Amino acid sequence: MVGPASCDRRPEKTQVHTHTSVRRRGCHWPEGQPAEDRCHLPEGGRDRRGLTRGFPEEARAANALTSDFWPPEMSYGRAPKMIHLESNFVQFKEELLPKDGNKALLTFPFLHIYWTECCDTEVYKATVKDDLTKWQNVLKAHSSVDWLIVVVENDAKKKNKTNILPRASIVDKIRNDFCNKQSDRCVVLSDPLKDSSRTQESWNAFLTKLRTSLLMSFTKNLGKFEDDMRTLREKRTEPGWSFCDYFMVQEELAFVFEMLQQFEDALVQYDELDALFSQYVVNFGAGDGATWLTFFCQPVKSWNGLILRKPIDMEKRELIQRQEATLLDLRSYLFSRQCTLLLFLQRPWEVAQRALALLHSCVQELKLLEVSVPPGALDCWVFLSCLEVLQRIEGCCDRAQVDANIAHTVGLWGYATEKLKSLGYLCGLVSEKGPNSEDLNRIVDLLAGLGAERPETANTAQSPYKKLKEALSSVEAFEKHYLDLSHAAIEMHTSIGRLRSAKFVGKDLAEFYMRKKSPQKAEVYLQGALKNYLAEGWALPITHTRKQLAECQKHLGQTENYLQTSSLLASDHHLTEDERKHFCQEILRFADRQTDSPGQRIILPLHCFAQLRDLHFTPSTAVVHVGGVLSVEITLCSQMPIPVHVEQVAISVHFSIEKNNYRKTAEWLTKHKASNGVINFPAESPPCPTPQSQLPAPELYEVFERSPSDNSLNTTGIICKNVHMLLRRQESSPALETSSGVALDDGAHVLKCSGVTLEPGANRLTFRTQAREPGTYTLRQLCASLGPVCFVVPHLYPPVQYDVYSQEPQLRVEPLADSLLAGIPQKVKFTVTTGHYTVKNGDSLQLSNAEAMLILCDAENRAVIYSNAREKASDVLLRVQSSDKVTSISLPAAPAYHVIEFELEVLSLPSAPVTGGESGVLGMTESQRKHKDSRSAGHCMATAEHKVSIDCPWSIYSTVIALTFSVPFRTTHSLLSAGTRKYVQVCVQNLSELDFELSEGSLVGPDSSADLQLVPLNTESPQRIYSKQSVFFVWELKWTREPPPSLRCHFSVGFSPASGGQLSIPLKPYTYEFQVENFFTLYNVRAEILPPSGMEHCRTGSLCSLEVTITRLSDLLEVDKDEALTESDEYFSTKLMYEVVDNSSNWAVCGKSSGVISMPVAARATHRVHMEVMPLFAGYLPLPDVRLFKYLPHHSAHSSQLDADSWIESDGLSVDKHVDDQPDGGRSRAGAHPAPGGEHRGLPMPRLQALPPGQVVNASVGAQVLVVPSRDDHVLEVSVT
Amino acid sequence: QNYPLYIRSVPIENELKFHYMVHTSLDVVDEKISAMAKALVDQRELYLGLLYPTEDYKVYGYVTNSKVKFVMVVDSSNTALRDNEIRMFRKLHNSYTDVMCNPFYNPGDRIQSR
């Protein structure tokens, strides 16, 4: 401190007005407490210069050391914050003390400090105390409670004045006198200019105190200010409340926050003001008008846009302060402040967003408040503002940032473009001629409203002001600016993916170009936009854009495109009827005009003119024979609003000869093309709205697939016929507007329909054609010509085709029933398919007769003629003439491609199958008649095939037709013996489905000699033989002489269908020939079972004796002469083998069951064999079988091998069957059994030969023996088989 | 996708303008949807908020989980609609669902309320 002596008595109140920066690190400050304060620094009797010089440095040094945590007082819900507070020290003046209601917060004295150097009690009492009291009173009068008294002590001074009171006393005095219970209000600062630790300490204590007090005061006053402000706000409903006044108050708060660098809070203040004002405007709109608001409703006279380059636009602020601001002024000022704060906060993008909202809302508010605005003024204001905001943002960000945040600014660009456009339209800058005088006046007015350019932008070349002025100055300049802006906007929209917006701006641009008569530039934009709308199916925009495009194309002279667009527009339902008619007329006019000049045709797709709905063939199979007439009927749905006369509608047809000729036969087609011949076409390429509904509904059909052979159901299911429509990929953009290079197909085959008037809506057109060449015709294109204009469907889809076929005449003969039966009249159907041949009167079929097959000629044979489509054409009597060799059938006259059907009865003469399974020729002289006899074991009928050769009138070749007849019967015979009496049994089995009547069965021998007689034992009356049943005939064979070893017999029986009624011709009997051999009985075999001796009956389990007696009945006969016969001394004997076999396991044969005996060949020669058998069951048991074989010696030759095999096969006797059961018999016959393969070639073995059944009579066949159960047999087994 | 399902404007005169507006606003809808897709899927907010302020109209958007978009254009001067749009959209969504559930309703037909 300098000049301590100057500490004089007269305390000089000094106001030190200094800006002191008080940095508080870590000081928790109630948030929102103001930033800048002014301190009153009253100083008691000290040289202030020294103080002011010394203090700041010290303060700075001290502050670095301290930190304060300030209790959050009056925080209005704000969190504590670190703030930076700057203070000014000024000399105390009473005038500076705030008066009641002072709203200036920035100049508010927060803390009053009294400085004194006094150390003398006298001095204190004399002056300082009074001065202090006065000071205190002044403060009290202004209700200021924030003060501080600083006592500066100086050691130097003490030394000078020795008799002074201890220094504490002064301080104590002061504390006593003034700091009533607030002793901390007095601070001692000792030796401030010395560099001692004491000085340092006292400085620290002082600064801490100063800071605390200052902050406390600041907090308190700020809170009070805010309270006052809120109170003022609450008064806003009172009359006389002024928004501008309130604005100033709250802005003060905002300033304070800004100064404290609490930009967020400052912004809040402005936002509150903004919201308050907006609310008032809204309320005003609702009829609740505040009086102060009317002031803002004054007409807008200036529209110079936002000014954002200055932090505070003092000019506007003053206007508000003076309550002279207009709405735009207020808004501009408010926004410029918000903008400044947001930029401080590093939120430039929010500025852009807010700016757009502000501009929109300003426009709205002006409208709401019904402020009168000259036309175009707002546009100017908005335009300027947009550019100002954009330039401001660009000014504070680098290029990359701007590019990355286009999304935020693009709205402003768009808005500016829009506004400039409307200005251009308003001022006639867009028209071709340029502005007229009225427009010029308007321009002058608008420019006047802009005022002079602001000084801060005056040097900028691209300032919004300059831009607007330039743009309005001339047509060219406007164009340049407008194009610049538009392109910029489009580019930005595109770059951030807002394609639709880009297209929309582009459309505006196109409109502009159209106005400027440069359609070629407009076209690109229109096409682009249209493509976009089409892709997304927006009907109204499509229509509108298309309309513009049409105009554009018209100007450009793109005839083809124009016509296409016109046709699309003419069919557009979103246009009015008149507009549609207009476009339709455009097409017609063009068509008329160009008729004379030949040459170039204009090809357009048909779908915009008319739609092909369906196509219908008659006949519905879409198949015609050569020369036949085919008609195609199409439904064409005209989209035009008026009837249109079309010169010609043509369908071009592609012809191909198809290889698969089978396809072209009528039968195949009638079978396969069961559809009704209607082909539906899907609605083509939807240029219309709601593509969802344009998707065709799935066409579902049931499918039954039947097996071709028996028509049984193989597969069934549902198919979707238009899968290709439903599942195809949605093409993103059908390029409709560009004329797709539709090539007109000039095929040789064209279906035409001339001079048609297409009414709006559905039209049916019929094309007729006569089929010429056979082949497949595919419909390719549909073309409606209107003078030089052709509307074409380039490819008909789904593919449609018809077939033309040519068919050779055909004759088919087939049985009416499943199979033909021989022997009875059967119906056969003749089908003549005439094909390309026309049957004339007198044409006949010549049938060369087969001998064994008769053609029965009824008087009432009728032939039916059918047309190709199976429609009955006529029914005529058929004449059939039969001669020996030839049957001639006169065909009725029939046109080509018809079918003649008739039935004839044929009769196959039955023939007897031959015995023994051998095929033979029986009474057959004709080579054509072959008799096939297959007598297999099954129930198949024997068949006979008859071939008939038929000469047809259309061919030089004969047609050979084979008819197969089945013999309905199968006949078997058997020889029955009873001792020496012989019977012949014939069994007739009916294999057919029919019942027959059999009559006059007869059997005749080879010659009717008296020594052999066949005595019938049958009924004379006719017998009915049912289907699948048999009838037996029996004859007894009697002879007088020794009969021949074999006998040939001929069996014949008459038959006729049981339900046949009267037959026209007598039927031939059924015959059967066979041979009976070895029917003479040679041996009699008799078996007898005797109970054990002493017993009455046989018992189970006990042995009984079996006695077999074999008796020779005749002397040597022819048949005996074989290898088994041995001769010794004219005494003949033969070797026989017997075998006892019990097939039913009733008996157990004990001991040998078989043996070889030598039988003398003489009548009555008898051989007896005994053996033991044991009955296994009780009851009447049949005797075991006794079999007799011829025992042939082995012979070296292999020749008999076949015989050996044959007997085993032929008699069906299984010899080895009992080998396991009867080991004895098996062993005995082991040698007799021929092993398979060639084994017995080297080992000659005896062979067995069964005696023919006629030669052996088993006398005891059928005999039974009573077997009683044994007594001790407790278990009775009963087998049921 | 982005095909108009149903458009209806109450004043008929400027229908075309609204069509353009709604169409253009789809840009913002797409933008917001793709921005949202990056956020948590399950917490997706259906309401898209103000899409597209213009001088005279406000365009609000709403997208359902099946990506059916609702776009509403209201007059800016209609200050009654400030915060209630969400509820409006919810109601609209529900009604739309009801209409779509009606088997007799043909999509694209005019929706009528009795």
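Between chain B and chain A there are 11 residue pairs in polar contact, with both residues at pLDDT 80 or more; a polar contact is a pair of N or O atoms within 3.5 Å, where within protein one must be able to donate a hydrogen and the other to accept it, and residues adjacent in sequence count only if both atoms are side-chain atoms. Sorted by class, the side of chain B that touches chain A has 10 nonpolar, 9 polar and 6 charged residues. For this sorting, Ala, Val, Leu, Ile, Met, Phe, Trp, Tyr, Cys and Pro count as nonpolar, Asp, Glu, Lys and Arg as charged, and the others, Gly among them, as polar. The model is a predicted one, so local features need pLDDT of at least 70 and side-chain atom pairs count only at pLDDT 80 or more, while totals for chains, interfaces and linings use all residues. Residues are numbered from 1 along each chain as its sequence is written, chains are lettered from A and ligands numbered from 1 in the order in which they are written, and side-chain values use heavy atoms, with hydrogens and water left out.

How many residues does each chain bring to the contact? Chain B puts in 25 residues and chain A puts in 28 residues, with contact meaning heavy atoms within 4.5 Å. The size of an interface is often given as the accessible area lost when the parts come together. Here the two chains, B and A, bury about 2500 Å² between them, and 58% of that is on carbon and sulfur atoms; buried area is the accessible area (1.4 Å probe) that two parts lose on being put together, summed over both. Three residues stand out on the chain B side: B:Tyr20, B:His23 and B:Glu55 supply 30% of the area that chain B buries against chain A, more than any other three residues.

Next come the charged pairs. Side chains of opposite charge can pair when their charged atoms come close. A salt bridge is a side-chain nitrogen of Lys or Arg within 4 Å of a carboxyl oxygen of Asp or Glu, and the rule finds 4 of them across the interface of chain B and chain A. In one of these, A:Lys367 meets B:Asp56 at 2.8 Å, N to O. Another salt bridge links B:Asp27 with A:Arg500, whose closest N and O atoms are 3.2 Å apart. Helices (H or I, at least four residues) and strands (E, at least two) are DSSP runs, numbered from the N terminus. Both B:Asp27 and A:Arg500 are buried, where buried means under 20% relative accessible area, exposed over 50%, and partly exposed in between (1.4 Å probe, protein chains only).

Over all chains, the whole structure has 33 salt bridges. Within chain A, the side chains of A:Glu251 and A:Arg317 meet at 2.6 Å, N to O. A:Glu251 sits in helix H6 (residues 243-259) of chain A and A:Arg317 in helix H9 (residues 314-321) of chain A, so the pair ties together parts that are 66 residues apart in sequence. A:Glu251 is buried at a relative accessible area of 0%, and A:Arg317 also counts as buried, at 10%. A salt bridge also joins A:Arg589 and A:Glu586 (2.7 Å, N to O); both lie in helix H22 (residues 577-593) of chain A, 3 residues apart, about one turn of the helix. A:Arg589 is partly exposed at 43%, whereas A:Glu586 is buried at 8%.

What about the strands of chain A? Strand E12 (residues 629-638) of chain A has 8 of its 10 residues buried, so it is largely enclosed by the rest of the structure. Strand E10 (residues 610-618) of chain A pairs with E12(A) in the antiparallel sense over 8 bridges, two strands being paired if DSSP finds at least two bridges between them. In that pairing, A:His616 stands opposite A:Glu633. E12(A) also pairs with strand E18 (residues 761-770) of chain A, antiparallel over 10 bridges, and there A:Thr635 faces A:Arg764.

As for chain B, its secondary structure comes to 2 helices and 3 strands, running α-β-β-β-α from the N terminus on. Of its 114 residues, 39% are buried.
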